[in-house]
Amino acid sequence: WENGSSMDNTAAMNKTKVTTKSNPLSHFLGRAFLYLILLVGAVIFIFPFFWMISNSLMTLGETITRQLLPKVPQWINYKEAWDQANFSKYFVNSVLVTLGTLAGLLFTSILAGYAFGRIDFKGKNFLFGIFLATMMIPESVTLIPNYLLIRGTIIPLPGGTWINTYWALTVPFMANAFSIFLLRQFFAQIPKELWDAARIDGCDHMRFLIQVVMPISKAPIMTVLLFGFTASWNAFQWPLLVTTRDTWRPLMVGLYGFVQEAGPYTHWLMAGAVITIVPILVVYFLTQKQFTQGIATTGLKG
């Protein structure tokens with residue numbers, strides 16, 4: 001019996017050794033396949049940016065013949081794009097509109113998120129459900145009602161109408177259901193013991209929010225800031241609809257000026273696109289760490 005058991009153990013050990021020897025190869029092939037998929041995905045995502053930068057350094061003729069690289073980089077395209085489209089005016093408009101929108105968005109999102117996450121009041125869950133339901137409505141459906149509101153057709157507005165004004169570009173976007181939901185998820189996870197300790201020290205909800213909640217909520221707040229900045233900076237359809245003059249038109253509408261009846265000035269259009277995307281990249285890389293932490297700590301892992 002002992003000899004049979006010993007033989008079985010020896011056979012099992014030999015089988016384990018064979019399996020162990022074959023594992024490194026399968027592990028290597030698995031990782032190689034995974035890296036191949038990631039490489040293909042990276043090329044697919046990076047190529048449009050490469051094409052945009054390459055075209056921004058070409059002449060108009062080179063863009064028409066669809067060359068991959070410029071023969072001689074035309075750095076002057078960036079200066080001409082800036083001057084031809086009046087980008088200095090549009091850039092200032094985009095900065096002012098984005099700052100105003102972000103200020104209002106953070107104000108409403110932080111207060112509403114805290115109320116839904118930390119304060120118990122009658123009908124809270126029902127009201128929060130309505131907020132979440134608005135996220136399912138396509139933006140195109142709300143376009144006409146928002147336009148009628150801005151024009152003063154539904155509700156009388158100061159001055160009669162907000163068409164061609166700063167308020168038309170900022171006020172409709174100073175509240176966002178997703179931002180409220182994101183902050184509410186984080187605020188609800190803050191330990192109740194912190195609130196109890198703050199109450200002993202005489203804190204009310206506003207003081208607790210400013211002195212305790214906000215300092216430990218930098219990650220989700222920066223996430224809201226990044227999403228809001230990207231949406232406001234890239235806005236095109238709404239500014240084009242509510243502005244008929246260059247007074248408050250942002251950069252994205254300025255890019256549209258390169259599309260002429262005779263055809264688009266592709267080299268200037270791509271140079272302008274590079275100019276408009278640089279601020280987004282700068283803001284993202286400055287807030288990348290907080291953005292990642294904000295998504296991870298609010299239960300929205302992807």
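This is a predicted model: local features need pLDDT of at least 70, side-chain atom pairs count only at pLDDT 80 or more; totals for chains, interfaces and linings use all residues.
Visitor: Which residues does Leu57 touch beyond four places away in sequence?
Guide: Residues up to four places away are set aside in this list. Separately, Leu57 and Met270 are 213 residues apart in sequence and 8.6 Å apart in space, C-alpha to C-alpha. The residues that Leu57 touches are Pro70, Val72, Pro73, Gln74, Trp75, Asn77 and Tyr78.

Visitor: With which residues is Tyr78 in contact, leaving aside its neighbours within four places?
Guide: Tyr78 is among the residues with the most contacts inside the largest nonpolar core. Once its neighbours within four places in sequence are left aside, its partners include Leu57.

Visitor: How many residues does the second, separate core have?
Guide: This second core is separate, and Ile190, Cys203, Leu209 and Ile221 are included in it. Its number of residues is 16.

Visitor: How far apart in space are Leu226 and Val283, C-alpha to C-alpha?
Guide: Leu226 has its place in helix H11 and counts as buried because its relative accessibility is 5%. In sequence, Leu226 and Val283 are 57 residues apart. In space, their C-alpha atoms are separated by 7.3 Å.

Visitor: Which backbone oxygen lies 2.7 Å from a polar atom of the side chain of Ser109?
Guide: Ser109 lies in helix H4, residues 87-118, and counts as buried because its relative accessibility is 0%. Leaving out residues up to four places away in sequence, Ser109 touches Asn176, Ser179, Ile180 and Leu183. The oxygen at 2.7 Å from its side chain belongs to the backbone of Leu105.

Visitor: Which residues lie nearest the centre of the largest pocket?
Guide: About 1100 Å³ of space lies in the largest pocket, and 36 residues line it. H4, helix H6 (139-151), helix H8 (177-187), helix H11 (218-233) and helix H12 (237-242) each supply at least two residues of the lining. Nearest the centre lie Glu139, Pro172, Phe173, Ala175 and Asn176.

Visitor: How many residues in the lining of the largest pocket are charged?
Guide: The lining divides by class into nonpolar, polar and charged residues.

Visitor: Which residues does Ala188 touch, not counting residues up to four places away in sequence?
Guide: Ala188 lies in the loop between H8 and helix H9 (192-200), and it counts as partly exposed because its relative accessibility is 40%. Ala188 and Gly117 are 71 residues apart in sequence, yet 4.5 Å apart in space, C-alpha to C-alpha. The residues that Ala188 touches are Gly117 and Arg118.

Visitor: What is the phi of Asn164?
Guide: Asn164 is found in the loop between H6 and helix H7 (166-170). Asn164 is buried, with a relative accessible area of 12%. Its phi is a positive value in a residue other than glycine, near 65°.

Visitor: What percentage of the residues in the protein chain is buried?
Guide: The secondary structure of the chain comes to 14 helices and 2 strands. Among contacts with a separation of 6 or more, residues 24 or more positions apart account for 71%. Of the 302 residues in the chain, the buried share is 33%.

Definitions and conventions: Residues are numbered from 1 along each chain as its sequence is written. Side-chain values use heavy atoms; hydrogens and water are left out. Helices (H or I, at least four residues) and strands (E, at least two) are DSSP runs, numbered from the N terminus. Buried means under 20% relative accessible area, exposed over 50%, partly exposed in between (1.4 Å probe, protein chains only). A polar contact is a pair of N or O atoms within 3.5 Å; within protein, one must be able to donate a hydrogen and the other to accept it, and residues adjacent in sequence count only if both atoms are side-chain atoms. Contact means heavy atoms within 4.5 Å. On a 1 Å grid over the protein atoms alone, a cavity is a set of points where a 1.4 Å probe fits but cannot get out, and a pocket is an open set with protein on both sides within 12 Å along at least five of seven lines; lining residues have an atom within 4 Å of a point. Grid points are joined across faces, edges and corners, and a volume is the space filled by probe spheres set on the points. Ala, Val, Leu, Ile, Met, Phe, Trp, Tyr, Cys and Pro count as nonpolar, Asp, Glu, Lys and Arg as charged, and the others, Gly among them, as polar. A nonpolar core is a set of buried Ala, Val, Leu, Ile, Met, Phe, Trp, Tyr and Cys residues joined through side-chain atoms within 4.5 Å.
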